[in-house]
Every structure is written in structure tokens, then in C-alpha cells.
Amino acid sequence: MKINHQHYRSIWRDAQSVRIIDQTRLPFAFAVERLHTHEQMCHAIRSMQVRGAPLIGAAAAYGMVLGCQQQADEQTLQNVAAQLLATRPTAVNLAWALQRMLQQLLALPLEQRAQVAWALALAIADEDVAQNQAIGQHGLALIQPLATAHPQRAVNILTHCNAGWLATVDGGTALAPIYAAHDAGLSVHVWVDETRPRNQGASLTAWELAQHGVPHTVISDNAGGHLMQHGQVDMVIVGADRVTRNGDVCNKIGTYLKALAAHDQHIPFYTAVPTPTIDWQLAEGAGIAIEMRDADEVAYMQGQDDQGQLQRLRVIPHESPALNPAFDVTPARLVSGLITERGIVTPQQLPTLEASL
Ligand SMILES: CSC[C@@H](O)[C@@H](O)C(=O)COP(=O)(O)O
């Protein structure tokens, strides 16, 4: 991803520390933070300075590296992994990356661990970038026929939350096919759900689409169904935090409602999902731990006033409680297909995909 003509990943090594883009400051400030300890990485994941399933996985891997720099014995590494695992419960990539790092590090002699850990984390990051590139190409094959069918207008794609390059190491999942289509010269336009309460759509997806020059429009979370009814959505592509063996898709709260509306209107609903986001151990979505976040995220909104000052404003009565489940589960029956780095599969074809891994 290029920002002001400079290429960035959303996480990278800098000497013996790790750099991240602080996503809580976007879209109004582009700020890079430097992390030296695994405690700082825990804070970055919990506070959502870094967020999005694949990026959380890579961040956890780099968190293990930072822990390893201080002490690399088994008990310390298990302890660091447990702290990182406790930061956010829903995205399976976190547990996946920690398990992989632990397994590979503990197989090494103690004195080699701190050194090799950097290469192991980089491998996870590089794999994510490659997977997203492949997802982009497979997803492009879905957009191409829609562009051919409607040569006089843009293909309208609705997305929810941020599953773009900011949610990954680079390239994005749900946005990867959109970037691929735009770069291939196809006319695409993106309906960007604002994604209350944390506004990842309005703040992050809109920002990165604008950086890349992709035409888009931010809509309120409630507008999607209306646009679908009026022929203004050709397809929906979302990301996922966890997909279960049967193809149930856990993603940002509100995804399920978009899937229901898309199903009612016979609009294809795809989820773009790298295979590390598939939880082969879990039979169905009902078993997924849904993160409950602070009610203040619902009670308050943050934004910039006309003088350029950041403001945090309460939007509900002081007497009213609020509830903030961060994710929901879209049943497999509403999912047209999963765009993976191995190709596009229906939920029913997941066992074949698992066998091929
Ligand atoms: C490629 S990211 C896919 C999902 O992780 C994304 O859609 C999402 O729900 C992110 O939630 P967040 O709470 O911002 O981490």
C-alpha cells in the first residue's frame, strides 16, 4: 500500500523493535508507533491500534519475538503467548499464529530462539501478503463478468468493516479483489458501511480506498438493504475473523444483516478468507467466542470538528445502558462462496479444501 508515494506494510521490523501504523488515529492522522516489548504489543492489539484478523495474527507473532528478546525459556514463551492470546478472543488467526510460533521456537535450542524468531514472524507476514494477492486474483474473476454485463456503469460492491490492507499485513482480503479490479482498469465503486460503533468502514476502509483512488461512498450501516432493493449493489464482499468447518462466517457485527438482505435480493454474498482464518477444529459458528467490548464505544462517538479538533461526544442518554457485541455469525446457507488463496469454494466444499492443505 502506498501512502504519499511511500510503500508501507501495516507492521514491520525496525532493528530490535516493531513498527505499527496506529489505526486509532486514522483517518485524521497517519502515525507510526514503535513497540519494544510484548506488553506494548498486547496493548496495541487490545486497544485496536492494530486490528483485523490477519494483522492480529502477524502482530501476535511479532509480540512473541519481542518477548523472546527478553527471555526465551519455555515458561517465559508460554507466558507471553498466554498474555497475547488474552487480548482479543474472536479472530482465530491470533491463536493460530501463537501456536505456530511456540511450536517452531520451542523446537530450537534456547540460544537460537531470539535470533530465529524474527524470521518466523516475517514468514507469517510474508505468507499473509502472498495469500491476499492470490485472493485478489481469484476475486477479480468474480468481478470481471459483472463488469462485462454492465459496461455502461461501475460494478457496485458493498463491504462491511475494514478488511483492507490495514486489516492485514498488506493487500487486504475483502478489498483485495476490489484493488485488483481497479488496477486492471475495471470500473468499480464501493459502498462502504460506516460500521458502528468503531467506524472501521468510515475511518479505515474509506481512507485506504481514497489513498488508492478507488471510487467509493460511505453509507450508514442501515442503508445497505435499501440500496440492494433498488438494484444498486451487484455483490457483497466481506472479510472474516473466523470461519468454521461448516462454512459459518464470523465477522464484524452487522455482517449477518447484510447477508440476510443480500439473500433476500438474490445478490451474491462472498467472504474473502485466507486459510489461517478457517478454524478447522470448530464444527459451527455457535461455538465461537464473541468479543464483548466496552459499552462506551456505543455511548460515545469520536470525530473531528470543523476546526480540526478531535472530539469525543456522548450520543446516548446518561441513564441508558449500552451493549457492544463486536462480531456476529452469518450462517453458511447465506454465503455464496469463500474467496480463499486456493480459489473460490462453497461452504460445502470446505472439506475438500482442508484435505488439500
Ligand atoms: C481481513 S480482516 C477481516 C475481519 O477481521 C474484519 O472484517 C473485522 O471484522 C475486523 O474487526 P476488528 O474488530 O476491527 O478487528
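In this predicted model, an oxygen atom of the ligand is 2.8 Å from an N or O atom in the side chain of arginine 88. Such a pair is a polar contact, that is, a pair of N or O atoms within 3.5 Å. The table lists this contact with two others of the kind.

| Side chain | Ligand atom | Distance |
|---|---|---|
| Arginine 88 | oxygen | 2.8 Å |
| Glutamine 200 | oxygen | 2.9 Å |
| Lysine 252 | oxygen | 2.7 Å |

The protein covers 100% of the 420 Å² of accessible area that the ligand has on its own; accessible areas come from the Shrake-Rupley method with a 1.4 Å probe. The ligand sits in the largest cavity. A cavity is a set of points, on a 1 Å grid over the protein atoms alone, where a 1.4 Å probe fits but cannot get out, and a molecule sits in one if more than half of its atoms lie within 2 Å of its grid points.

Around the ligand there are 18 residues, of which Arg51, Arg88, Asp241, Asn251 and Lys252 come nearest; a residue counts as near if one of its heavy atoms lies within 4 Å. By class, this shell has eight nonpolar, six polar and four charged residues, with Asp, Glu, Lys and Arg counted as charged and Gly among the polar ones. Helix 2 (53-70) and strand 11 (249-252) are the elements that give two or more residues to the shell. Helices (H or I, at least four residues) and strands (E, at least two) are DSSP runs. Because domain 1 (2-127) and domain 2 (134-356) both contribute to the shell, the ligand lies between them.

Most residues other than glycine have a negative phi, and most peptide bonds are trans. The bond from leucine 26 to proline 27 is cis, with omega near 10°, and proline 27 is in the loop between strand 4 (17-21) and strand 5 (32-35). The bond from arginine 196 to proline 197 is cis, with omega near 10°; proline 197 is in the loop between strand 7 (188-193) and helix 7 (200-212). Methionine 48, not a glycine, has a positive phi of about 65° and is in the loop between helix 1 (38-46) and helix 2.

Residues are numbered from 1 along each chain as its sequence is written, and side-chain values use heavy atoms, with hydrogens and water left out. In this predicted model, local features need pLDDT of at least 70 and side-chain atom pairs count only at pLDDT 80 or more, while totals for chains, interfaces and linings use all residues.

Key
Polar contact = N/O pair within 3.5 Å; in protein donor to acceptor, adjacent residues only side chain to side chain. 1 Å grid on protein atoms, 1.4 Å probe; cavity = no way out; pocket = protein on both sides within 12 Å on 5 of 7 lines; lining within 4 Å. Domains from an automatic or database assignment.
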